[in-house]
Amino acid sequence: MSFDPVPFRVSFLLGIWVTAILLVLCFPLAWIFAKSKGRWVPWVESLTTLPLVLSPTVLGFYLLLLLSPRGAVGKFFLDVLHIRLAFSFAGIVIAGCLASLPFMLSALRTGILGVPGALLDASYTLGKGRLETIVRIVIPNMKSGIVAGIVNTFAHTLGEFGVVLMIGGSIPGVTKVVSIAVYERVESLNFENAHVYAAILVVLSYGGVFLLNALQRRETRR
Amino acid sequence: MRKALVVVPALVLCLSFLPAQGRVSIAAASNISAVAPALSDSFERIYPAFRAEFTFGASGALATQIINGAPFDIFMSADTSFPQRLVEAGETEGPVRVYAVGELILLTTQKLDLSKGLAVLADPAVAQFANSNPETAPYGRAAQEALQNAGLFDRVKPKLVVAQSVTQALQFTLTSADAGFVSKSALYSREVKAYDREWEYWFAVDPSLYSPINQGFVVMRGGATGPAVVAFARFLLSREARAVFAAFGYGFP
């Protein structure tokens, strides 16, 4: 079997979707976690960290039941929105978002906490509203946090395996991501192909981690 | 006291590496998982001193593990080509022997018109159907062959969901897909009992559409001398084992 670049395309698309969705979704969440002193915060925050330590098979098991056309969420999407979640790209995007949630959230939270409170107070004192302060003061001052969140989430999604294996169904061009392609090549004793996929993944992941480290180094030097 | 803290775990660790004389560890194709309890019951009734321990996976996955040093005594594949590769790699003691012939069925949990045969997969009522990866799972290979020979493969391919083993195909069929190709033995598992109504929830795929699923086993070189291993290899070809396989829908060459 010759080299097939399609699984890479699927993985990249998955990475882009998951990263974009999480970036938008996590910002308000991270803001609340960073700023709110509510007693419920630690409870919710622990819940959002759970995918970091939970076995992907547990996540995959619940998602399979939930996203199936016979499950609550899957049935709603199929009947009302006419989108099939089980064994579909939309399904693995949802799974990827859940699995990568802690990576984006913690990076953004750290970023928000890193913005000096004095800057915010100054902005508020000068009569700027919350939204304008966030857009013009907070975001420009937490760029490294945002980049860290993006790189971390994207890299992690690229390596996503367990959940996708359980709910993806390995459909070529749709849900067969590159980590599954490696797994299938190894299982069918096609090591040459597995080597190519694996080597590319190593290089890409190394690049991501290197970028993250460089970013952190710059941060601490400042 | 403190010595015991070191010695006891060390002893346990050492013991766990000793070869267990009375045990035979078997790497078995996933379609065997339904039969395995009955198989080991029968085995242990004949040889009360021995125990059979099963590990399940797609045949290709297990063959890969064995070639890379997984310490199994016997490999029960769902075909003859994966064990043949182990024979050629010099990992086995003796040739591949066929212990049963598998039967492929199409299973559904929905109300489908199964009288159409495989063509039912082209119906709009079937949005997705599951099959196991033909590269690693012999039942998946047989199903793909049947679809190709029936001239349906290209038409139904967009609805195909690929499972990593025939048991995952069963799991997909029971949870989310509208139909799926599984082994006939699956009908005898507890979860599927409710759907064991031929032509309502399943039908046997016409055997002339696919090459016979001859399921072969090999004895691995490392385990060949253990008495339990020898006993199990002999048992697999015995009348008693055949009776168990026959009760689970398997045929014989």
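Q: What makes H5(B) largely enclosed by the rest of the structure?
A: Nine of its twelve residues are buried, so H5(B) is largely enclosed. A residue is buried if 20 or more other C-beta atoms, placed from the backbone, lie within 10 Å of its own; 12 or fewer makes it exposed, and in between it is partly exposed. Among the buried ones are B:Tyr139, B:Arg141 and B:Leu147. This is a predicted model: local features need pLDDT of at least 70, side-chain atom pairs need 80 or more, and totals for chains, interfaces and linings use all residues. Residues are numbered from 1 along each chain as its sequence is written, and chains are lettered from A and ligands numbered from 1 in the order in which they are written.

Q: What follows just after H5(B)?
A: B:Gly151 takes a positive phi of about 70 degrees there.

Q: How do you know that E6 and E8 of chain B pair?
A: Pairing needs at least two bridges found by DSSP. E6 (129-132) and E8 (179-183) of chain B have two, in the parallel sense, so they meet the definition. B:Phe129 has B:Ala179 in E8(B) as its bridge partner.

Q: What makes H5(B) a helix that packs on the sheet?
A: H5 (138-149) of chain B touches strands E5, E6 and E8 of chain B. Contact means C-beta atoms, placed from the backbone, within 7 Å. The direction of H5(B) makes about 125 degrees with that of E6(B). Such angles run from 0 to 180 degrees between N-to-C directions, with axes fitted to C-alpha atoms, for helices over the stretch in contact.

Q: Which strands form the open sheet, and in what order?
A: The order is E7-E6-E8-E5-E9 in chain B, with mixed pairing.

Q: Why is one side of E7 and of E9 in chain B left without a neighbour in the sheet?
A: Each stands at an edge with a single partner strand, so one side has no neighbour in the sheet.

Technical notes:
Helices (H or I, at least four residues) and strands (E, at least two) are DSSP runs, numbered from the N terminus. Two residues are in contact if their C-beta atoms, placed from the backbone, lie within 7 Å.
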